[in-house]
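Please read it alongside the sequence and the model.

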Amino acid sequence: MPDFDPTCLFCRIAVGEIPSDTVLATDEVVVFRDVNPRAPTHLLAIPRRHIPSVAEVTDADAALLSALFAALRTAAGQAGLPGYRIVSNVGPEAGQSVFHLHFHLLGGRPMEWPPG
Ligand code: 5GP
Ligand code: ZN
């Protein structure tokens, strides 16, 4: 799988070809605001490298996953969220619409359970 897919929206956001409201960026990951927020704080954390979803993550990605969760923790702290939800939809049946690994970080309102 190539690291960059020119047809992938989030690959293009990661390199700045498509603008985004970025809140945190490192060599490996980018965190930016969701264009259609479902909560007062709705961020997306992505690896710069193209991975379609959690289903394609391998043991070799352990450090990358650690970096993603570190970025999520930092972004939640910067947003001052006392509590938050992290979600990753896997496959169209679960609501995935962009096929580049991403974790939603939602907060700033009460969260219901179970999610819809
Ligand atoms: P999924 O449906 O795959 O779990 O999540 C994809 C998310 O990407 C959606 O919440 C959607 O609002 C967001 N999104 C789609 N296109 C763009 C875009 O061009 N910019 C940003 N910032 N978010 C986007
Ligand atoms: Zn991609």
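1. Basis. This is a predicted model, in which local features need pLDDT of at least 70 and side-chain atom pairs count only at pLDDT 80 or more, while totals for chains, interfaces and linings use all residues. Residues are numbered from 1 along each chain as its sequence is written, chains are lettered from A and ligands numbered from 1 in the order in which they are written, and side-chain values use heavy atoms, with hydrogens and water left out.

2. The sheet. Five strands make an open sheet in the order β1-β2-β3-β5-β4, with antiparallel pairing. At its edges stand β1 (22-25) and β4 (85-87), each of which pairs on one side only. On average, and with direction ignored, neighbouring strands of this sheet are turned by 20° against each other. Helices (H or I, at least four residues) and strands (E, at least two) are DSSP runs, numbered from the N terminus; two strands pair if DSSP finds at least two bridges between them. Angles run from 0 to 180 degrees between N-to-C directions, with axes being lines fitted to C-alpha atoms, for helices over the stretch in contact.

3. β1 and β2 form a hairpin with three residues between them, and their antiparallel pairing has three bridges. Within this pairing, A25 has V30 in β2 as its bridge partner.

4. A buried threonine. T41 belongs to strand β3 (residues 41-47). Is T41 buried or exposed? T41 counts as buried because its relative accessibility is 11%; buried means under 20% relative accessible area, exposed over 50%, and partly exposed in between (1.4 Å probe, protein chains only). Neighbours within four places in sequence left aside, T41 is in contact (heavy atoms within 4.5 Å) with A79, L81, L105, L106 and G107.

5. A nonpolar patch. On the surface, F69, Y84 and I86 form a nonpolar patch with about 240 Å² of accessible area together. Patches are made of residues with over 30% relative accessible area and no salt bridge, like charges being joined within 9 Å and nonpolar side chains (Val, Leu, Ile, Met, Phe, Trp, Tyr) within 5 Å. Accessible areas come from the Shrake-Rupley method with a 1.4 Å probe, and for residues only the protein chains shown count as cover. Y84 is placed in the loop between α2 (62-78) and β4, and counts as partly exposed because its relative accessibility is 36%.

6. Salt bridges. How many salt bridges does a search of the whole structure find? The search finds three, a salt bridge being a side-chain nitrogen of Lys or Arg within 4 Å of a carboxyl oxygen of Asp or Glu. E17 and R12 meet at 2.8 Å, N to O. D21 and R33 meet at 3.4 Å; D21 lies in the loop between α1 (9-14) and β1 and R33 in strand β2 (residues 29-33), so this pair ties together parts that are twelve residues apart in sequence.

7. The remaining pair. R49 and D61 form a salt bridge at 2.5 Å, N to O. Both residues are in the loop between β3 and α2, twelve residues apart. R49 is partly exposed, with a relative accessible area of 31%, whereas D61 counts as buried, at 5% relative accessibility.
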